[in-house]
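Please open the model in your viewer and keep the sequence beside it.

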Amino acid sequence: MTKTTSTPPASAILLIHCPDQKGVVSAITEFIFKNNGNITYLDQHVDQSSNTFFMRLEWNLEAFSVPKHKIGEDFGTIIGGRFKMTWKLHFSDETPRMAIFCSKLPHCLYDILSRWKSGELNIDIPLIMSNHFDLEPVAKQFGIDFNHFKISPENKEEQEEKQLKLLGEHQIDFIVLARYMQILSKGFVEANKNRVINIHHSFLPAFPGARPYHSAYVHNLLHRFHQIS
């Protein structure tokens with residue numbers, strides 16, 4: 001007997017943040033319930049310091065009565081505006097497109113590409129960008145377009161403009177910094193707001209710069225000195 005595997009039905013993923021207030025969860029879940037949706041995941045959090053409500057919610061679209069192309073419009077009209085929400089809607093059957101930025105060290109790049117190649121990461125990786133040529137062979141090994149941008153203080157703005165243009169041409173959804181040894185400019189970050197993931201040092205942003213571990217070590221020594229003095 002041949003074992004067949006069925007593809008799970010598509011789902012919608014909603015990411016939300018807004019001022020914390022009564023009725024937010026009720027309104028969202030009621031919207032899904034009334035349209036015959038089945039919630040498969042829900043996680044929420046309130047940041048007390050800023051009085052901000054956060055939620056990630058996913059529901060099955062198999063019997064959902066609102067057409068896929070109208071969900072965002074209906075949600076924004078009925079709920080988003082009412083609660084002054086900032087929200088994004090994604091669908092599980094749409095593969096996000098990711099760009100990788102790297103410099104010289106290969107371990108983060110290899111880890112991402114290995115997970116992508118094995119199918120663990122459901123993404124497309126159209127291009128890799130780097131300020132050095134060192135990792136070009138890795139990109140070629142995995143069949144990904146490699147783009148080199150030599151960056152200096154004098155040409156940083158110009159090179160970032162070229163990078164932004166290339167990201168737009170490839171319709172990139174988000175960027176991963178895989179040991180990318182450059183500090184992105186404010187303009188670049190604003191152009192990709194909430195679409196950049198940094199997997200550099202775990203100490204960042206508390207200890208930015210090229211030597212974060214050394215900075216953390218000095219900070220710890222000073223802290224101990226003040227404790228005993």
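Strands, here DSSP runs of E with at least two residues, and helices, runs of H or I with at least four residues, are numbered from the N terminus. This is a predicted model, in which local features need pLDDT of at least 70 and side-chain atom pairs count only at pLDDT 80 or more, while totals for chains, interfaces and linings use all residues. Residues are numbered from 1 along each chain as its sequence is written, and side-chain values use heavy atoms, with hydrogens and water left out.

Begin by selecting Leu15, Lys88, His90, Asp173 and Phe174, which lie nearest the centre of the largest pocket, among the 25 residues that line it. A pocket is an open set of points on a 1 Å grid over the protein atoms alone, where a 1.4 Å probe fits, with protein on both sides within 12 Å along at least five of seven lines, and lining residues have an atom within 4 Å of a point. Strand S4 gives the most to this lining, with 6 residues.

Next, select strands S7, S6, S5, S8 and S9, which in that order form an open sheet with parallel pairing; two strands pair if DSSP finds at least two bridges between them. S7 (145–148) and S9 are at the edges with a single partner strand each, so one side of each has no neighbour in the sheet.

Now select S5 (residues 97–102) and S8 (residues 174–177), which run parallel and are joined by 4 bridges. Within this pair, Met98 has Phe174 of S8 as its bridge partner.
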